[in-house]
Amino acid sequence: MISFTVTAVVFGVVFLAELPDKTALAGLVLGTRYRASYVFAGVAAAFAVHVALAVAAGSVLTLLPQQIVQALTGVLFLGGAAVLLMRKEEDEEEIRKPENQSFWKVSGAGFMLILVAEFGDLTQIMTANLAARYDDPLSVGIGAVLALWSVAAIGIVGGKALMKRIPLAVVTKVAAVLMLGLGVWSLGEAVIG
């Protein structure tokens with residue numbers, strides 16, 4: 001049976017912890033370039049995998065080698081920044097055409113980015129700890145998944161709204177700089193940590 005109290009507590013804690021995280025930025029970046037529903041499908045699937053791992057493993061996930069995860073995340077963000085900076089200018093209408101955005105390509109990109117970037121992240125460890133504390137994996141899992149999906153949706157929708165007001169070239173350059181900063185920060189944590 002699902003405990004709505006546990007679900008609500010987990011939702012609140014995970015939502016607030018994830019809101020300022022790099023995932024909202026990743027969703028925003030992907031949301032400016034691709035069909036929102038495709039991005040959300042990939043991101044949502046990755047979060048479901050993360051929550052399942054966290055709930056199944058309990059607090060054991062806190063023992064994973066954080067430096068390796070940070071280094072891989074840093075490399076992925078630097079790669080994403082490079083792709084954005086090296087991409088030729090495209091007409092905004094061309095980017096919005098569905099034939100340029102296959103479901104599997106877009107959702108796969110969202111899935112892989114979140115799967116790697118969020119592995120061993122604070123909210124995954126927090127979810128594992130909450131699962132161990134409450135001994136109610138279903139309620140904890142539902143609360144965590146709904147919180148993560150909500151943050152992702154806010155980021156993706158924010159990306160679409162942003163694109164209506166600011167030219168895509170500006171959004172792309174700012175996103176590349178932010179991803180470059182996140183990449184350097186993640187690699188720095190890997191080296192220092």
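In the predicted model, Ala26 is placed in helix H2, which covers residues 22-33. The relative accessibility of Ala26 is 7%, and this residue therefore counts as buried, the cut-off being under 20%. When neighbours within four places in sequence are left aside, Ala26 is in contact with Leu113 and Ile114. A further pairing across the sequence involves Gly110: the C-alpha atoms of Ala26 and Gly110 are separated by 8.4 Å, although the two residues stand 84 residues apart along the chain.

The contacts of the protein as a whole may be considered next. Among contacts between residues at least 6 apart in sequence, 95% join residues at least 24 apart. The secondary structure comprises 9 helices and 0 strands, and the pattern read along the sequence is α-α-α-α-α-α-α-α-α. Of the 193 residues in the protein, 44% are buried. The protein exposes about 9800 Å², of which 73% is supplied by carbon and sulfur atoms.

The confidence of the prediction was also examined. The mean pLDDT of the protein is 75, and a value of 70 or more is reached by 72% of its residues. Over residues 90-98 the pLDDT is below 50, and this stretch has 12 contacts in the model beyond near neighbours in sequence. Where pLDDT is low, the predicted coordinates should not be read in detail.

Helix H1 spans residues 4-18 and includes Phe4. With a relative accessible area of 68%, Phe4 lies over the 50% cut-off and is therefore exposed. Together with Ile2 and Leu138, Phe4 makes a nonpolar surface patch of about 330 Å².

Ser139 belongs to helix H8, which runs over residues 137-165. Its relative accessibility is 0%, so Ser139 counts as buried. Residues up to four places away in sequence not being counted, Ser139 touches Met1, Ile2, Ser3, Val6 and Thr7.

A search of the whole structure finds 4 aromatic pairs. In one of them, the ring centres of Phe11 and Phe15 are 5.6 Å apart and the ring planes meet at 15 degrees; the pair is stacked because planes under 30 degrees apart are classed in this way. Phe11 and Phe15 both lie in helix H1, with a spacing of 4 residues, or about one turn of the helix. Phe11 is partly exposed, at a relative accessible area of 29%, whereas Phe15 counts as buried at 18% relative accessibility.

An edge-to-face arrangement is formed by the aromatic pair Phe103 and Trp104, for which the distance is 5.0 Å centre to centre and the angle between the planes is 80 degrees. The angle is over 60 degrees, and the pair is therefore assigned to the edge-to-face class. Phe103 is partly exposed, with a relative accessible area of 30%, while Trp104 is exposed, with a value of 71%. Ring pairs also bring in Tyr38, so that Tyr38, Phe103 and Trp104 are linked into a cluster.

Conventions
Residues numbered from 1 in each chain as written. Predicted model: local features only at pLDDT ≥ 70, side-chain atom pairs only at ≥ 80, totals over all residues. Heavy atoms only, no water. Helix = DSSP H or I, 4+ residues; strand = E, 2+ residues; numbered from the N terminus. Buried < 20%, exposed > 50% of the residue type's maximum accessible area, 1.4 Å probe, protein only. Contact = heavy atoms within 4.5 Å. Areas by Shrake-Rupley, 256 points an atom, 1.4 Å probe, with all protein chains shown as cover. pLDDT = per-residue confidence, 0-100. Patch = residues over 30% accessible without salt bridge, like charges linked within 9 Å, V, L, I, M, F, W, Y side chains within 5 Å. Salt bridge = Lys/Arg side-chain N within 4 Å of Asp/Glu carboxyl O. Phe/Tyr/Trp six-rings, centres within 6.5 Å; stacked < 30°, edge-to-face > 60°.
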